[in-house]
Amino acid sequence: MMPLLSRWMISAACLYLFVGFSAGALLLCGYGGYVVTDIWRFSALHQEWLLVGWMTQITLGVAYWIFPRFEGNQRPYAFLAYLAFFALNLGILLSTFCTLTQSGLLLRGTAHLLKGIALLCAAIHLWPRIKAFRLAHESP
Amino acid sequence: MPPFTRYSIKLALLYFAAFFLGEIANALMGLSMLPPIPLFSRTLLHLFFVGGVTQMIFGVAVWLFPVSSRETPRGAPWLQIATLVLLNGGLLLRLITEPMRLQGGGLLWGRFLVLSAALQWLGMCAFLILIWPRIHAKPKKKE
């Protein structure tokens, strides 16, 4: 069964896929000569939503679900994975806000910091789970 | 491995190969070792990220995610076909039309580019309709 956090991450990734592809389609219409006013500022957001929001997040969501677990079906330090989910999405939303409002470096830096913290938390959580599956008949 | 997954992963590998061949061609053109062909980095990047990475994710998701119903465990077959046809049709149309348009081609090429955007967007929507119920599928109680 897919755990709750994976469902959250994959759902959020799908939402970013939708908005990222929609922005990309509008940009392509712009290149085609059908310029939608002010669409060009979405170029950076199109990349952010798809590379970080979609690809990175769906990868982390599936990894949290499917990587080997420990005895008793445990995912140790699961709070780090939850922290990664919240920090990553807060970082993307803050980046979106900064781009749309053309905010300054401090907010933009905070957005990058949040995304960095998210990836660090995800890496610390997943690292011990990168191990061989143990079959039921194998001794510990 | 279901047919959708097999097709999408094979196509993704072809797009990866096409991206790297395109990049090699771009490098050789830079060294004047190849006659100029209109290959734009942005078009090639989309072959990599949309045709390669995203399509590989689509294929693995359809294979791996929990099944939502007994009748169509991996979603409606027509949605799977629509995803593959629309996404790849749109991407291949972009591969042809974007260089023509950016080299000063007329508005007709622009219209084809808009059509390419619409096809890819619809392909993405078909995938989301296919996969969304499977993300939220409730586990069935054992009888």
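Colleague: How much area is buried between chain A and chain B, and what share of it do carbon and sulfur atoms give?

Modeller: Good place to start, with the reminder that this is a predicted model. Buried area counts what both partners lose on being put together. Here that comes to about 2500 Å², with 81% from carbon and sulfur atoms.

Colleague: Which residues in chain A lose the most area to chain B?

Modeller: Those are A:Phe21, A:Leu28 and A:Tyr31, which together supply 25% of what the chain A side buries. As for the residues taking part in the contact, chain A brings 25 and chain B brings 33.

Colleague: Let's turn to chain B itself. How many helices and strands does chain B have?

Modeller: There are 4 helices and 0 strands, so the pattern along the sequence of chain B reads α-α-α-α.

Colleague: Why is chain B said to be more spread out than a compact globule?

Modeller: The idea is to set the radius of gyration against a rule based on the number of residues. For the 143 residues of chain B the rule gives 15 Å, but the radius of gyration is 18 Å, well over that, so chain B is more spread out than a compact globule. Along the principal axes, the C-alpha atoms of chain B fill a box of roughly 70 × 30 × 20 Å.

Colleague: What share of the residues in chain B is buried?

Modeller: Buried here means under 20% relative accessible area, and 43% of the residues in chain B are buried.

Colleague: And how many positive and negative side chains does chain B have?

Modeller: Chain B carries 13 positive and 4 negative side chains, and the centres of the two sets are 3 Å apart.

Note on methods:
Residues are numbered from 1 along each chain as its sequence is written. Chains are lettered from A and ligands numbered from 1 in the order in which they are written. This is a predicted model: local features need pLDDT of at least 70, side-chain atom pairs count only at pLDDT 80 or more; totals for chains, interfaces and linings use all residues. Side-chain values use heavy atoms; hydrogens and water are left out. Helices (H or I, at least four residues) and strands (E, at least two) are DSSP runs, numbered from the N terminus. The radius of gyration is taken over C-alpha atoms; the globule rule is 2.2 Å times the number of residues to the power 0.38. Buried means under 20% relative accessible area, exposed over 50%, partly exposed in between (1.4 Å probe, protein chains only). Lys and Arg count as positive and Asp and Glu as negative; His and the chain ends are not counted. The place of a charge is taken as NZ of Lys, CZ of Arg, CG of Asp or CD of Glu. Contact means heavy atoms within 4.5 Å. Buried area is the accessible area (1.4 Å probe) that two parts lose on being put together, summed over both.
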